[in-house]
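Thanks for coming. I will go through one model today, starting with the overall layout and then taking the helix contacts one at a time.

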Amino acid sequence: MGISVSKEAFVFLCSALTGAGICLLYDIFRLLHRAGRPGGFLLQVQDVLFWVLAASVMFFVIFYVNNGSVRLYELIGAALGALLYSLTLSKWVFLIFNQIIAFFSAFFKKILKILLTPLLFMYNIMYRCIKPILRLFKRLARLLGRRFCRSAVRCGALLKKK
């Protein structure tokens, strides 16, 4: 028994939406790359994670929608969905997500500044109180160091004479 045309159209549409969803996932990974600037190894781990997620999503859709039967039109639908998303929505989605990340980043920076201001204030007060004591210890260390060096030189001279 063959597959009906409406079922094939539904499978094609699901494949196209899956291709667009994978491109959306790619845009999210691009934002993570841009925001985090990961180094070599971490970048490779993120790339492998993306491909594993993309393959898993595609496998799930093929298995769920078409009972695991892979057809050429499914792959063409996924490619067309990815292409249409990339040409139409990708730029706008990327800009919107970028603005959302910038907003939350600024928000958390302000919250962090509010939370750390009392700690910075206490640090400055403590540093002003401890600074004279630190200077005294530095002078004492220099004075003791000079005396120790002089006595070491004397001891060295006495040892060489014998």
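Read from the N terminus, the elements of this protein run α-α-α-α. That is 4 helices and 0 strands. Please keep in mind that this is a predicted model.

Two overall figures before the details. The protein has 162 residues, and 19% of them count as buried. Among contacts with a separation of 6 or more, 77% are between residues 24 or more positions apart.

H1 covers residues 5-36 and H2 covers residues 40-66; their axes come within 10 Å and cross at roughly 165°. Angles over 145 degrees count as roughly antiparallel, and that makes H1 roughly antiparallel to H2. The crossing of H1 past H2 is right-handed.

Which residues of H1 and H2 make the contact? From H1 they are Lys 7, Phe 10, Val 11, Cys 14, Thr 18, Ile 22, Leu 25, Tyr 26, Phe 29 and His 33. From H2 they are Leu 43, Gln 46, Asp 47, Leu 49, Phe 50, Leu 53, Ala 54, Val 57, Met 58, Val 61, Val 65 and Asn 66. By class, the contact of H1 with H2 has 16 nonpolar, 4 polar and 2 charged residues.

One of the residues on that list deserves a stop. Thr 18 sits in helix H1. Is Thr 18 buried or exposed? The cut-off for buried is under 20% relative accessible area, so Thr 18, at 7% relative accessibility, counts as buried. Leaving out residues up to four places away in sequence, Thr 18 touches Val 57, Met 58 and Val 61.

Next, H1 against H3. The axes of H1 and H3 come within 7 Å, and they cross at roughly 45°. That makes H1 oblique to H3. H1 passes H3 in a right-handed crossing.

The H1 side of this contact consists of Glu 8, Val 11, Phe 12, Ser 15, Ala 16, Gly 19, Ala 20, Cys 23, Leu 24 and Asp 27. The H3 side consists of Tyr 73, Glu 74, Ile 76, Gly 77, Ala 78, Leu 80, Gly 81, Ala 82, Tyr 85 and Ser 86. Sorted by class, the contact of H1 with H3 has 12 nonpolar, 5 polar and 3 charged residues.

H3 covers residues 72-88; H2 and H3 pack at an angle of about 130°, with their axes 12 Å apart. H2 and H3 are therefore oblique to each other. The crossing of H2 past H3 is right-handed. Here H2 contributes Met 58, Ile 62 and Asn 66, and H3 contributes Tyr 73, Glu 74 and Ala 78. The contact of H2 with H3 divides into 4 nonpolar, 1 polar and 1 charged residues.

On to the interior. In soluble globular proteins, nonpolar side chains tend to be buried together. In this model, the largest nonpolar core has 7 residues: Ile 22, Phe 29, Phe 50, Ala 54, Met 58, Ile 62 and Ala 78. H1 and H2 are the elements that give two or more residues to this core. Which element gives the largest share of this core? The answer is H2, with 4 residues.

Phe 29 belongs to that core. Setting aside its neighbours within four places in sequence, Phe 29 is in contact with Gln 46, Leu 49, Phe 50 and Leu 53. There is also a second, separate core of 5 residues, including Ala 20, Cys 23, Ala 82 and Tyr 85.

Last item, a backbone detail. Most residues other than glycine have a negative phi. Asn 67 is not a glycine, yet it has a positive phi of about 55°. Where is Asn 67? Asn 67 lies in the loop between H2 and H3. The cut-off for exposed is over 50% relative accessible area, so Asn 67, at 67%, is exposed.

That is everything I have for today.

Note on methods
Residues are numbered from 1 along each chain as its sequence is written. This is a predicted model: local features need pLDDT of at least 70, side-chain atom pairs count only at pLDDT 80 or more; totals for chains, interfaces and linings use all residues. Side-chain values use heavy atoms; hydrogens and water are left out. Axes are lines fitted to C-alpha atoms, for helices over the stretch in contact, and angles run from 0 to 180 degrees between N-to-C directions. Angles under 35 degrees count as roughly parallel, over 145 as roughly antiparallel, 65 to 115 as roughly perpendicular and the rest as oblique. A crossing is left-handed if the near helix is turned anticlockwise from the far one by less than a right angle, and right-handed if clockwise. Contact means heavy atoms within 4.5 Å. Ala, Val, Leu, Ile, Met, Phe, Trp, Tyr, Cys and Pro count as nonpolar, Asp, Glu, Lys and Arg as charged, and the others, Gly among them, as polar. A nonpolar core is a set of buried Ala, Val, Leu, Ile, Met, Phe, Trp, Tyr and Cys residues joined through side-chain atoms within 4.5 Å. Buried means under 20% relative accessible area, exposed over 50%, partly exposed in between (1.4 Å probe, protein chains only).
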